[in-house]
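These are my notebook entries on one protein chain. I set down what I looked up, entry by entry.

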Amino acid sequence: MRAIGWVVAGLFLAGPPVLARQQVEPAAPAAVAPKRNLAYGTAPEQKLDYYPPTVLTRSAPPLIVFVHGGGWEHGSKDNATGDAKIRHFTGKGYAFATIDYRLVPGATVEQQAQDVASALAWLVAHARDLHFDPGRMVLMGHSAGAHLAALVATDPRYMHAQDLMLDQLRGVVLLDGAAYDVPAQMAEAGRFMRPIYTEAFGTDPARQRALSPIAHTKGPNVLSFLILHVQREDGTRQSEALAKALRVEGSEVAVQGFEGRGLRGHVAMNRQLGEADYPATAVVDRWLSATFAPR
């Protein structure tokens with residue numbers, strides 16, 4: 001049963017601090033090879049991969065930072081990122097980083113969110129060496145990774161613990177998450193997912209609420225969100241509820257649904273994003289172009 005839970009969860013769903021306001025000059029464009037298993041912290045899981053653009057850029061490129069899914073218990077940057085994303089976005093002139101983080105039950109969800117913020121802080125501190133523009137970063141996550149990205153983008157405690165501010169992120173892309181309101185999600189969970197949610201979020205209603213991105217939308221929040229989902233009732237409902245709450249507080253939010261049902265659609269959004277014929281690819285491309293445009 002545990003193995004079945006892992007399959008369903010995997011498909012369904014710190015480094016040293018740096019000064020937030022330090023001035024990091026964008027690096028000059030240069031030929032940079034991909035860098036694998038860079039340590040942003042001391043734990044074995046606190047690693048990231050960095051991929052530079054595969055096309056020449058006139059200036060230091062923007063950076064997309066990806067957070068994988070896996071039900072908070074499983075998955076890694078090696079098996080849950082999606083090769084199409086890396087090829088596509090680096091081919092569009094963006095740098096791309098994909099991070100690992102400590103997993104439940106060895107770590108808490110709170111520690112996972114802190115790992116995401118720690119990875120961002122490490123990247124900012126090493127922007128010159130990696131040749132990207134730290135003033136143009138977007139955080140992207142799928143499934144459980146979408147929940148973690150949304151939490152870091154709405155609850156400032158995680159970024160502030162790394163001496164970072166939320167406005168250091170230009171925006172956030174959420175790919176078919178469904179735990180933006182944890183108590184509501186747990187109340188509606190079926191027999192396969194309920195134990196996974198309980199393992200991640202426990203039984204304390206106050207903790208479940210604290211780990212819900214929708215509970216932190218009173219602000220401050222990252223100012224731009226792209227929330228995508230397939231045709232899952234829970235994912236659709238939670239995506240729309242989060243979008244509504246963020247808009248009330250002044251964030252610019254685009255939310256859009258795509259064909260795909262159940263696990264098959266959930267997996268497709270992650271694996272196929274970046275493929276030219278996958279409909280969400282063009283939507284993300286347009287949003288990134290506008291988000292990374294000079295201010």
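I record here that the model is a predicted one.

**Entry: helix 2**

I then listed the buried residues of helix 2. They are Ala-84, Lys-85, Ile-86, His-88, Phe-89 and Thr-90.

**Entry: the main core**

I turned next to the largest nonpolar core, which holds 63 residues. Trp-72, Leu-139 and Leu-174 touch the most other members. Helix 3 supplies the largest share of this core, ten residues. For Leu-174 I looked up the contacts, leaving aside residues up to four places away in sequence. Among them are Gly-141, Ala-146, Ala-149 and Ala-150, the run from Phe-225 through Leu-226 and Ile-227 to Leu-228, and also Tyr-180 and Leu-242.

**Entry: helix 3 against helix 5**

How do the axes of helix 3 and helix 5 cross? I found that the axes of helix 3 (residues 109-125) and helix 5 (residues 144-154) come within 9 Å and cross at roughly 75°. Helix 3 is therefore roughly perpendicular to helix 5. On the side of helix 3, the contact is made by Val-109, Gln-112, Ala-113 and Val-116. Helix 5 contributes His-147, Leu-148, Leu-151 and Val-152. I noted the make-up of this contact as six nonpolar residues, two polar and no charged.

**Entry: Ser-212**

I located Ser-212 in the loop between helix 9 (205-210) and strand 7 (224-229). Is this residue buried or exposed? Ser-212 counts as buried because its relative accessibility is 0%, and the cut-off for buried is under 20%. Not counting residues up to four places away in sequence, Ser-212 touches Leu-151, Tyr-180, Asp-181, Val-182 and Pro-183. Leu-151 belongs to the helix 5 side of the contact described above. I also checked Thr-154, which is 58 residues from Ser-212 in sequence and 9.4 Å away in space, C-alpha to C-alpha.

**Entry: salt bridges**

Side chains of opposite charge can pair when their charged atoms come close. How many salt bridges does the model have? I recorded a count of twelve.

The side chains of Lys-77 and Asp-49 form one of them, at 3.1 Å from N to O. Lys-77 sits in the loop between strand 3 (63-67) and helix 2 (83-91), and Asp-49 in strand 2 (residues 47-51), so the pair ties together parts 28 residues apart in sequence. Lys-77 is buried at a relative accessible area of 5%, and Asp-49 is buried at 0% relative accessibility. Lys-77 and Asp-49 are also linked with Arg-36 and Asp-78 in a network of salt bridges.

I then examined Arg-232, which forms a salt bridge with Asp-176, the closest N and O atoms being 3.0 Å apart. Arg-232 lies in the loop between strand 7 and helix 10 (233-248), and Asp-176 in the loop between strand 6 (171-175) and helix 7 (182-188), so this pair ties together parts 56 residues apart in sequence. Both Arg-232 and Asp-176 are buried. Arg-232 also meets Asp-234 in a salt bridge of 3.3 Å, N to O, and Asp-234 is buried.

How values were computed
Residues are numbered from 1 along each chain as its sequence is written. This is a predicted model: local features need pLDDT of at least 70, side-chain atom pairs count only at pLDDT 80 or more; totals for chains, interfaces and linings use all residues. Side-chain values use heavy atoms; hydrogens and water are left out. Helices (H or I, at least four residues) and strands (E, at least two) are DSSP runs, numbered from the N terminus. Buried means under 20% relative accessible area, exposed over 50%, partly exposed in between (1.4 Å probe, protein chains only). Contact means heavy atoms within 4.5 Å. Axes are lines fitted to C-alpha atoms, for helices over the stretch in contact, and angles run from 0 to 180 degrees between N-to-C directions. Angles under 35 degrees count as roughly parallel, over 145 as roughly antiparallel, 65 to 115 as roughly perpendicular and the rest as oblique. Ala, Val, Leu, Ile, Met, Phe, Trp, Tyr, Cys and Pro count as nonpolar, Asp, Glu, Lys and Arg as charged, and the others, Gly among them, as polar. A salt bridge is a side-chain nitrogen of Lys or Arg within 4 Å of a carboxyl oxygen of Asp or Glu. A nonpolar core is a set of buried Ala, Val, Leu, Ile, Met, Phe, Trp, Tyr and Cys residues joined through side-chain atoms within 4.5 Å.
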